[in-house]
Amino acid sequence: MKYDQARAYEERGDNQSARVLFAEAAREGDRNALHALARNLITRDPPMPGVAVGILKDAAERGDAESSHLCAVIAAQDAQLPDKWTVALDYLQRAAEQGSEASRLQLKLLAHAGDAPLSQRNTWRRLRQRIDVTRWLQPLAGRVVFETPRIVCVDNFAPVEICDWLSGVGQPRLQTAEVYDPITGERLYNAAIRNHSTVSFDVTQYDAIMLVMRARAAALAGVPVDDLEPAMLLNYRPGQHLMPHFDYLDPVRLKEHIAQHGQRVGTFLLYLSDDFKGGETDFPELGWRYKGRKGNALLFWSADANGALQRSTIHAGLPLSSGEKWVFSQWIRRKS
């Protein structure tokens, strides 16, 4: 009851009342309330990440697998934490040992363990020791398709098992995609512009696989991970599309927003499926279409090195005629 009441307060924006009730429910043994409190303290105003991390560390020490997993997720995003990936993978191992099936599968994927059996003693420690983070995060060589605007394709950016993991994470949370009204700035549904589905993630909703892919995308682009917007998954089914558009932000209407948060200068797309017909990413001004195979990536820059916007990057997601298309999407910001 207290958990449900706290969620209601949270949805209304009364975070203080939500935190009080989440804390009371957590003290009474409600683990969902404990995790909800930690997420609220990290993602809602006023943010109190230090308090949240303390709560999660204590719960992790007491054997709570979900808290250990959240500690791994938070550690991997902490640019100020020395050896953040070592800390993150240690927590992921702990979560696996505490019974988190999702953590066990992530260790297996990151260790390239394939179909290795997972029942032997010390499996999770051995898998964690096999993970080569340096290899995962090293920049990959791409094929330059256009110099101006700069467009790069990368074959085999991610293993197919990683692609399946990412689309599986997104499937239960899909929502109808929205667009921004250029006059009011409000989000709304407009099927004429886009009628596919999306899911986005805040800093507490990632997992180790997604964070590794974000870091790998940043390495490809040659930018810090902090320059990436929150990750999104895009899903298209037959008849669904995204009309021609620019990814960069309107420099007139959104001048103040750009001054504060930076211009959207680049787009990274990882193609998670290829068993569909149609659905190409179309660049009409360039006379070029791309349909990446599963695991391939596309990186294009909406602004050049001097900040000049590239109008020839106008692009569309063409309608599917059959199958299902999944894409992992990352926008890149630059403040100057």
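Guide: Accessible areas come from the Shrake-Rupley method with a 1.4 Å probe, and for residues only the protein chains shown count as cover. On that basis the accessible surface of the protein comes to about 16,700 Å², of which 49% belongs to carbon and sulfur atoms. The model is predicted: local features need pLDDT of at least 70, side-chain atom pairs count only at pLDDT 80 or more, and totals for chains, interfaces and linings use all residues. Residues are numbered from 1 along each chain as its sequence is written, and side-chain values use heavy atoms, with hydrogens and water left out.

Visitor: What makes the protein as compact as a globular protein of that length?

Guide: The secondary structure comes to 12 helices and 16 strands; helices (H or I, at least four residues) and strands (E, at least two) are DSSP runs, numbered from the N terminus. The radius of gyration is taken over C-alpha atoms, and the globule rule is 2.2 Å times the number of residues to the power 0.38. For 336 residues the rule gives 20 Å; the protein has 21 Å, close to that value, and is therefore as compact as a globular protein of that length. Its C-alpha trace spans about 60 × 50 × 40 Å along the principal axes.

Visitor: Why is β7 called largely enclosed?

Guide: Buried means under 20% relative accessible area, exposed over 50%, and partly exposed in between (1.4 Å probe, protein chains only). In β7, 5 of the 5 residues are buried, so the strand is largely enclosed by the rest of the structure. Met-232, Leu-234 and Tyr-236 point one way from β7, Leu-233 and Asn-235 point the other way, and all are buried. Across the protein, 47% of the 336 residues count as buried.

Visitor: How do you know which strands β7 pairs with?

Guide: Two strands pair if DSSP finds at least two bridges between them. β6 and β7 are joined by 4 bridges and run antiparallel, with Ser-197 standing opposite Asn-235 in β7. β7 and β16 pair in the antiparallel sense over 5 bridges, and Met-232 has Ser-329 in β16 as its bridge partner.

Visitor: What does Pro-46 contact beyond its neighbours within four places in sequence?

Guide: Contact means heavy atoms within 4.5 Å. With those neighbours left aside, Pro-46 is in contact with Arg-19 and Leu-41. Pro-46 is placed in the loop between α3 (31-43) and α4 (49-61).
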